[in-house]
Amino acid sequence: MLCTFATPFRRGFAEFNWTRMNISKKEVDALNLLVTLEITPEDYQEKVNGVLENYRKRANIPGFRPGKVPMGLIKKQYGKSVLIDEINKILQDGIYNYITSEKLNILGNPLPIEQETIDFDTPGTYEFQFEIGLSPEFEVSITKKNKVKGVKVVADKKVLDTYMEDIRSRYGKMVTPEKAEAEDMFHGSLTEVDKDGNAVADGIVKEEAQFMGSNLKTKKAQGDLCKMGMGNTVVLDADKSFDKDYNVAGLLGVTDAQLEASTGSFEFKLTNVTRMEPAALNQEFFDKVYGEGEVTSEKEMRERMKEEAERMYANEADQYFMNNVAEHLLDKTKFDLPVAFLKKWMQTSGEKPLTAEEVEADWDKTEKGLRYQLIENKVIQTGEISVSQEELLDHTVGLVKAQFQQYGQQVMDDEMLKGIAENALKNEEEARRLNDQVYNAKLLTYYKENFKVEEKEVTYDDFIKLVTANAK
């Protein structure tokens, strides 16, 4: 949950006393500093000499015995690069220690001010300057006087009917109907034909093709298909016969380019019609879905489905609430940012350099994200919200356990689950992601406890409309 603009400085301390360096600062304004570091030979010479001496001991130069290469030759060959390397190390440690000792709350990384020429051929005293952007000081107001909208998404009859239909289909069985209907599956072969209805030599042929009658574009075409007898044929046009969104190339098992190069006409020979017959609402079905004896009637099953659906909806409702919290806090919490500095820093902060125009194009979105991160960090600080290693481990164990249950696997004992969780947390990226999940859960609780939540019940369809309207 730390701001992504926090500075990732090198933490290894150089072996020199940085406090003797001449470091000064100039306050450009409340959010911008100009820091000057003066590096003298006293700061770097001993370290440079030590590195060059090691080079000398290991140097293998024709005409000289190992360890006997003249230091002058070593300095001529490596002196400048070693000097530059050591000065860079001193600068990194010096600016990091300065920021730490001065307790500066910064944004981004310090930006070095470019110098036209630096004479590293004649070692002496060097002066370097850095621009630093500071995080603003502000307060966040969260009280019961502040209203934030929330919702409870309920599973209505329409949703439960859809769920029931889906589950019954998954546990149903394929049958051959006496009379075909458009929603049935039609099986057969597809053969590419020319305008006279003759098979194209080396054309596209798909044996054991299958599609639903409802995939055809018109009711008439669907009706004609349903009247076909086994072994009868009909010519279908790839563009005209099927719905525009239907994947005809996928049906034929070819690429879009191959379909485009064909005649587009295919003779379909019907070999079978099948229909998914939904599972009967009996005890055998209930036991398959929920386990033996867990559910004994359709009413009980609908109650279970309602609980499961609303539990799933709760995550989406929480995200809706959190989005409203973010908009409220952004609207009510005002502060300035070192905008010019941040735009300049963004040009060089990523893996790929950005132009000023590219930064400007995304600035509004970037600024909004940064502002909320700063606000969220402030809430975490003032609300004394933290995540312990034990809490992180418990959360990870819970996720591992849920994953085993989701796939119907036998849940391991606590020690084995803990071992899997500990191993997962060794991955820094994964640990960071899981840590953020726990922080988000704690922030959600904190906001619900400290804001006045105006919650109303809505159906899932109404919830989708609400979210869509807010996104505009």
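Which residues does Met322 touch, not counting residues up to four places away in sequence?

## Met322 and its surroundings

With contact taken as heavy atoms within 4.5 Å, Met322 touches Asn440, Leu443, Leu444 and Tyr447, leaving aside residues up to four places away in sequence. This is a predicted model, in which local features need pLDDT of at least 70 and side-chain atom pairs count only at pLDDT 80 or more, while totals for chains, interfaces and linings use all residues. Residues are numbered from 1 along each chain as its sequence is written, and side-chain values use heavy atoms, with hydrogens and water left out.

Met322 belongs to helix α8, which covers residues 298-332; helices (H or I, at least four residues) and strands (E, at least two) are DSSP runs, numbered from the N terminus. Met322 counts as buried because its relative accessibility is 13%, where buried means under 20% relative accessible area, exposed over 50%, and partly exposed in between, with a 1.4 Å probe and protein chains only. Between the C-alpha atoms of Met322 and Lys332, which are 10 residues apart along the chain, the separation is 15 Å.

## The nonpolar cores

A nonpolar core is a set of buried Ala, Val, Leu, Ile, Met, Phe, Trp, Tyr and Cys residues joined through side-chain atoms within 4.5 Å. The largest such core has 45 residues, of which Ile142, Leu329, Ile375, Val379 and Tyr447 touch the most other members. Two or more residues come from each of β3, α8, α9 (339-349), α11 (363-382), α12 (389-406), α13 (414-424) and α14 (428-450), and α14 gives the most to this core, with eight residues.

Ile142 touches Leu329, Val379, Tyr446, Tyr447, Asn450 and Phe451, again not counting residues up to four places away in sequence. A second, separate core of 30 residues includes Tyr44, Ile87, Tyr126 and Leu134. In soluble globular proteins, nonpolar side chains tend to be buried together.

## Packing of α8 against α15

The axes of α8 and helix α15 (residues 460-471) come within 12 Å and cross at roughly 30 degrees; axes are lines fitted to C-alpha atoms, for helices over the stretch in contact, and angles run from 0 to 180 degrees between N-to-C directions. The two helices α8 and α15 are therefore roughly parallel to each other, since angles under 35 degrees count as roughly parallel, over 145 as roughly antiparallel, 65 to 115 as roughly perpendicular and the rest as oblique. On the α8 side the contact is made by Tyr313, Glu316, Ala317, Tyr320 and Asn324, and on the α15 side by Tyr460, Phe463, Leu466, Val467 and Asn470.

## Strand partners of β10

Strand β10 (residues 265-277) is joined to strand β6 (residues 173-175) by three bridges, and the two run antiparallel; two strands pair if DSSP finds at least two bridges between them. Within this pairing, Val175 has Arg275 of β10 as its bridge partner. Eight bridges link β10 to strand β7 (residues 185-192), also antiparallel, with Leu270 as the partner of Gly188. Strand β9 (residues 233-237) is joined to β10 by five bridges in an antiparallel arrangement, and here Val235 stands opposite Glu267.

## Two loop residues with positive phi

Most residues other than glycine have a negative phi. Lys103, although not a glycine, has a positive phi of about 55 degrees; Lys103 is placed in the loop between α2 (71-101) and β3 (106-112) and is exposed, with a relative accessible area of 71%. Asp202, also not a glycine, has a positive phi of about 55 degrees. Asp202 lies in the loop between β7 and β8 (205-212) and counts as exposed because its relative accessibility is 84%.
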